[in-house]
Amino acid sequence: MSTRTYRLEDPDLLRRLMQRTGDGRAVSIRGLAKAADVHHSTIGHLLTGQQETASEDLAQAIADRVGVDLAILWIQDGRTARSLRRLVMTA
């Protein structure tokens, strides 16, 4: 089990990807939660912004289910990620 955490870059992007996953079919909050082996409230909290980070395992499971690479939805949380966000915000 990984100890890295990842920050969801854009909850709206996740919501759009859930409407049309890599296999062309929609996945519900409960369906995504089942695929990621978490309670459906965890997915709900990610979508509303109440929860911004996830373990690497959860982030990967979500990316796998919607059919995208991890880096499309998530950025590794930590000093490097915060520094990059600061650079983008000041540019």
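Predicted model: local features only at pLDDT ≥ 70, side-chain atom pairs only at ≥ 80, totals over all residues.
Colleague: Why is D37 called exposed?

Modeller: A residue is called exposed when its relative accessible area is over 50%, buried when it is under 20%, and partly exposed in between, with a 1.4 Å probe and protein chains only. D37 has a relative accessible area of 69%, so D37 is exposed.

Colleague: Which residues of helix α2 are buried, and what puts them on the same side?

Modeller: In α2, which spans residues 29–36, the buried residues are L32, A33 and A36. They cover an arc of only 100° around the axis, taken from the directions between the helix axis and the C-beta atoms, and they therefore lie on the same side of α2. An α-helix has 3.6 residues a turn, so residues three or four places apart point the same way. On the other side of α2, R30 and K34 are exposed. The buried residues of α2 pack against α1 (11–19), α3 (40–48) and α4, where contact means heavy atoms within 4.5 Å.

Colleague: Which residues of α3 are buried, and what do they pack against?

Modeller: T42, I43, G44, L46 and L47 are the buried residues of α3, and they pack against β1, α1, α2, β2, α4 and β3. Following α3 comes G49, whose phi is positive, near 90°.

Colleague: What is the order of the strands in the open sheet, and why is one side of β2 and of β3 left without a neighbour?

Modeller: The open sheet has 3 strands in the order β2-β1-β3, with antiparallel pairing. Because β2 (53–55) and β3 (74–76) stand at the edges with a single partner strand each, one side of each has no neighbour in the sheet. Neighbouring strands are turned by 40° against each other on average, direction ignored, with axes being lines fitted to C-alpha atoms, for helices over the stretch in contact, and angles running from 0 to 180 degrees between N-to-C directions.

Colleague: How many bridges join β1 to β3?

Modeller: Two strands pair if DSSP finds at least two bridges between them, and 3 bridges join β1 (residues 5–8) to β3, so these antiparallel strands count as paired. Within β3, Q76 is the bridge partner of Y6. Helix α4 (residues 56–66) packs on the sheet, touching β1, β2 and β3, and its direction makes about 100° with that of β2.

Colleague: How many residues has the largest nonpolar core?

Modeller: A nonpolar core is a set of buried Ala, Val, Leu, Ile, Met, Phe, Trp, Tyr and Cys residues joined through side-chain atoms within 4.5 Å, and the largest one here has 23 residues. Those with the most contacts inside it are L14, M18, L32, I62, V66, L73 and W74. β1, α1, α2, α3, α4 and α5 (70–73) each supply at least two residues of this core, and the largest share, 6 residues, comes from α4.

Key:
Residues numbered from 1 in each chain as written. Heavy atoms only, no water. Helix = DSSP H or I, 4+ residues; strand = E, 2+ residues; numbered from the N terminus.
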